[in-house]
Amino acid sequence: MKLNLPVAVEKAFKQLESCGFCGYLVGGCVRDFLLGTPPTDFDMTTDATPDEIIKCFANHRVVETGIRHGTVTVMIEGMAIEITTHRIEGDYSDNRRPDTVAFTRNLADDLARRDFTINAMAYHPQKGLIDLFAGSQDIKNKIVRCVGNPSHRMAEDALRILRGLRFAAVLGFDLEPETGRAIRQNCGQLRHISAERIAVELDKLICGKNVKAIILEETAVLGVVIPELLPAKNFNQMNPHHCYDVLTHTAVAMETLAPVPRLRWVMLFHDLGKPATFTRDVDGVGHFKGHSKVSEGMARERLTALRFSRNIVDQVCLLVKYHDTLIEADKTSVKRWLNRLSEPLFRDLIAIKRGDNLAQAPQYRDRLVSLQKLEVLLDQVIAEKACFSLKDLAVNGHDLIDLGITNGVEIGRILKQLLAGVIEEVYQNEKESLMKKVKEIHRC
Ligand code: ATP
Ligand code: MG
């Protein structure tokens with residue numbers, strides 16, 4: 001097997017060789033090559049110690065990214081290549097980190113410590129593929145399988161539980177039965193893993209093309225890190241708009257969306273407030289009054305606990321809050337929503353509403369037509385450069401100060417009133433006429 005490598009990677013191989021060492025591409029990039037997807041980054045492993053790597057690449061920029069773990073990042077022609085000394089890991093007494101890490105000159109030992117067979121292959125331009133655990137076979141058969149004893153490997157580092165689900169969701173692979181069992185048996189150990197590491201894996205998992213199957217089949221495992229999922233499982237909505245229980249609806253709706261974490265998080269949480277707000281009317285039909293607000297609260301609490309940035313949490317929560325709010329398909333309504341959300345978030349809201357509707361009972365998919373209309377209107381409003389925020393208004397605070405209005409609160413109140421008038425198309429966004437309005441408003 002011969003891979004077509006970037007010039008910078010070829011140079012890294014040659015440089016190591018010229019210093020008397022041997023490097024290999026390893027992990028995700030080899031897996032991605034075999035999958036036919038262009039790798040995003042190139043990781044190498046070598047028999048050189050970190051100090052030897054640094055000396056060998058003395059004529060390049062070298063960053064000591066994880067020197068204690070043997071990792072050095074070398075910059076070659078603008079490309080960052082992570083080069084790590086072959087490692088053996090000692091015992092794991094805390095379910096997350098090895099007690100000791102030892103360097104070794106032996107590639108096989110390094111490959112044996114890796115999590116899954118599909119991630120445990122190495123490649124060398126002359127030696128070809130080094131596949132000691134039949135990873136290429138598992139790629140062919142679309143299987144996620146632990147290297148070694150699955151139960152031991154999951155117990156060593158509980159993050160592998162989520163990584164296993166992540167690769168299954170992203171690649172559309174099945175969990176090898178023993179690996180799946182070990183994941184389920186050890187899932188409680190995820191408690192020992194830091195929120196940040198969990199969040200990195202979840203961000204990738206929810207964007208997987210096979211996320212629906214993982215959410216539905218591995219709810220108990222995911223429930224350890226997102227307990228809000230558990231009451232939604234098999235929760236019958238008893239409502240003619242719905243053909244799925246709450247969790248199935250959620251999972252189906254998620255797969256309709258682009259693989260963008262923000263969108264997928266919104267969809268994951270949008271209806272999780274339903275079990276807590278469920279009521280039945282006299283005809284036995286289920287209702288979920290106020291569920292958006294409850295879902296929003298759940299999203300805020302969970303995403304904050306997972307240490308997502310305040311900005312992401314706010315954006316997700318805003319979209320969860322409004323996912324079920326009716327939006328009139330006319331231009332003033334579009335401008336009001338643009339003012340409330342900004343253009344990118346408004347487009348996201350439309351995508352969420354579309355995905356939500358696509359996962360409802362087929363006879364109620366009529367909302368798709370009005371969403372399409374809304375999108376056309378949105379494009380028009382943007383193309384016309386219509387005014388929908390204070391920065392687009394033909395007058396600003398300075399103009400009001402020039403009129404002698406000095407109170408900041410009053411300035412804010414007047415500008416807001418002008419903007420509302422312009423959005424509702426009662427006023428024209430034109431300086432002279434707006435200044436006249438200012439005088440009227442200020443007087444009363
Ligand atoms: P991605 O394409 O998302 O970067 P990746 O396979 O490269 O996927 P990384 O987290 O970048 O994943 O890890 C690089 C390699 O290190 C993996 O392919 C795997 O061989 C090994 N690895 C990473 N995390 C673990 C772990 N927790 N236990 C064992 N091996 C691991
Ligand atoms: Mg990687």
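For the charge count used here, Lys and Arg are positive and Asp and Glu negative, with His and the chain ends not counted; a charge is placed at NZ of Lys, CZ of Arg, CG of Asp or CD of Glu. The model is predicted: local features need pLDDT of at least 70, side-chain atom pairs count only at pLDDT 80 or more, and totals for chains, interfaces and linings use all residues. Residues are numbered from 1 along each chain as its sequence is written, and side-chain values use heavy atoms, with hydrogens and water left out.

**Exercise 1. Charge and overall form**

Determine how far apart the mean positions of the positive and negative charges of the protein are.

Solution. Step 1: the protein has 59 positive and 58 negative charges. Step 2: their mean positions are 2 Å apart. Step 3: for scale, the C-alpha trace spans about 85 × 60 × 40 Å along its principal axes.

**Exercise 2. Pocket and cavity**

Describe the largest pocket and the largest cavity, with their linings.

Solution. Step 1: on a 1 Å grid over the protein atoms alone, a cavity is a set of points where a 1.4 Å probe fits but cannot get out; a pocket is an open set with protein on both sides within 12 Å along at least five of seven lines, and lining residues have an atom within 4 Å of a point. Step 2: the largest pocket has a volume of about 1,600 Å³, a volume being the space filled by probe spheres set on points joined across faces, edges and corners. Step 3: of its 50 lining residues, D43, R114, D115, R163 and R166 lie nearest the centre. Step 4: helix α7 gives the largest share of this lining, seven residues. Step 5: the structure holds one cavity of 30 Å³ or more. Step 6: the largest cavity, of about 40 Å³, is lined by L202, L205, I206, I215, L222, I226, L229 and L268.

Conventions
Chains are lettered from A and ligands numbered from 1 in the order in which they are written. Helices (H or I, at least four residues) and strands (E, at least two) are DSSP runs, numbered from the N terminus.
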